[in-house]
Amino acid sequence: MELRQLHYFLTVAEELHFGRAAERLHIVQSAVSQQINRLERELGVALFDRTTRTVRLTEAGRRLLPHAEQVRDAVTRARRAIDDLRVERSGTIRLGTSTGLGTRLEAILVEFARSAPDAHLELVNADTEERMKRVRSGELDAAIVRGARTEAGLELLPLWSDRLVAVLPARHDLAVLREIELARLAELPLRLVDRGRNPALHDLITDACGRAGFTPTFGPEFTTEQDTLAAIGFGAPSWTVYYAAQAGQLSFPGVVWRPLRDPEPVMPSYLAVRPDPPRAELRALIEACHTITS
């Protein structure tokens, strides 16, 4: 039984079609069929019921499936372990990041390069849950995350707190103010990312609106930066929020950024790491993060 044969078996089992499996594997269909036939001869059972129209797993195929998946996952972990060793020997640190870090990320890069000149910092952008998953597995050495949380198997080191500012149409009456009481935005639809994509931000803003005495009316979801800011600047009046550190680097026609008060939403940020003793390069990253927040 060869790893290649199990790989082909899993691909056919997922597609239930030899032609589509061959396309995914970037080989000809006859090669897939040949390897599946060899695997079936090795095991002495048919793994698929084949007709001219359908392909289905047999009982034997269904029993083999979870074991083949375990072998595939074990191979993936083995390759990752070797990749991790290669990265460690190269002095590379992999840091999970998100959008909206503004000049803070630049400051971290500069401070890390100063304190660890022979190391390399590789930035990986992914959503919050994916970052946490990769730190736990060791695929990432650390990740910057926003919002207080409890993460099993991880340590969250406090970093900085970011103020949030309102983005609203430049033509709106409130745009003439230097700062805006949150309650004055109650009549405008709020364009906010879906809670499933960013629960920390969603909860922070809705809680702040509640403390200001209103429940926000949600307009269309925040999609891309370009589309959302264009809709606010030139469409029906609405508003959204940005991290102040990010807003300071942006310029977009038709909108203005204004500080909020009563209350002022503030988002804490953390560096997520595994609780193991950090290697030298990771210590340098942690120190770099603390340096720019002190």
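Analyst: The radius of gyration is taken over C-alpha atoms, and the globule rule is 2.2 Å times the number of residues to the power 0.38. This is a predicted model, in which local features need pLDDT of at least 70 and side-chain atom pairs count only at pLDDT 80 or more, while totals for chains, interfaces and linings use all residues. Residues are numbered from 1 along each chain as its sequence is written, and side-chain values use heavy atoms, with hydrogens and water left out.

User: What radius of gyration does the protein have, beside that of a compact globule of 294 residues?

Analyst: Along its principal axes the C-alpha trace spans about 80 × 50 × 30 Å. A compact globule of 294 residues would have a radius of gyration near 19 Å, whereas the protein has 26 Å.

User: Is threonine 128 buried or exposed?

Analyst: Threonine 128 belongs to helix H6, where helices (H or I, at least four residues) and strands (E, at least two) are DSSP runs numbered from the N terminus. Leaving aside neighbours within four places in sequence, threonine 128 is in contact (heavy atoms within 4.5 Å) with Val145 and Arg149. Buried means under 20% relative accessible area, exposed over 50%, and partly exposed in between, with a 1.4 Å probe and protein chains only. Because its relative accessible area is 18%, threonine 128 is buried.

User: Which element supplies the largest share of the lining of the largest pocket?

Analyst: A pocket is an open set of points on a 1 Å grid over the protein atoms alone, where a 1.4 Å probe fits, with protein on both sides within 12 Å along at least five of seven lines, and lining residues have an atom within 4 Å of a point. The lining of the largest pocket has 30 residues, of which Thr99, Arg146, Val193, Asn198 and Leu201 lie nearest its centre. Helix H6 (128–137), helix H7 (199–211) and strand E8 (240–243) each supply at least two residues of this lining. The largest share, 4 residues, comes from E8.

User: How far apart in space are proline 278 and aspartate 141, C-alpha to C-alpha?

Analyst: Proline 278 sits in the loop between strand E10 (266–273) and helix H10 (280–293). With a relative accessible area of 30%, proline 278 is partly exposed. Proline 278 and aspartate 141 are 137 residues apart in sequence, and their C-alpha to C-alpha distance in space is 9.0 Å.
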